[in-house]
Amino acid sequence: SDMVLAAAPIAAAAERAFLTSGATSPLLPAQVPQWLYLACFGDNVQAAAAAEWLFEARGARTASIAYSTS
């Protein structure tokens, strides 16, 4: 998403559509309106689908997050 956010304004300034197949931040289209399009589902949609599947199909009722500050 960071690389798309760097490149998409350049495409927008040239009035060229920018279609990304890898960036998933749901905030991107609002940051470069009219020219930036996501070909994949945003992180928010993917997270909701995963949570729904885990809840319904796997019976999960809790979750944890692992992260690194480095």
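Helices (H or I, at least four residues) and strands (E, at least two) are taken here as DSSP runs, numbered from the N terminus. In the predicted model, the protein chain comprises 3 helices and 2 strands, and these elements follow one another along the sequence in the pattern α-β-α-β-α. The radius of gyration of the chain, taken over C-alpha atoms with a globule rule of 2.2 Å times the number of residues to the power 0.38, is 16 Å, well over the 11 Å that this rule gives for 70 residues, so the chain is more spread out than a compact globule. The C-alpha trace spans about 50 × 30 × 15 Å along its principal axes.

Of the 70 residues, 19% count as buried, where buried means under 20% relative accessible area, exposed over 50% and partly exposed in between (1.4 Å probe, protein chains only). With contact defined as heavy atoms within 4.5 Å, and with residues up to four places away in sequence not counted, Leu28 touches Ser1, Val4, Leu5, Ala23, Leu36 and Leu38.

Residues are numbered from 1 along each chain as its sequence is written. Because the model is predicted, local features need pLDDT of at least 70 and side-chain atom pairs count only at pLDDT 80 or more, whereas totals for chains, interfaces and linings use all residues, and side-chain values use heavy atoms, with hydrogens and water left out.
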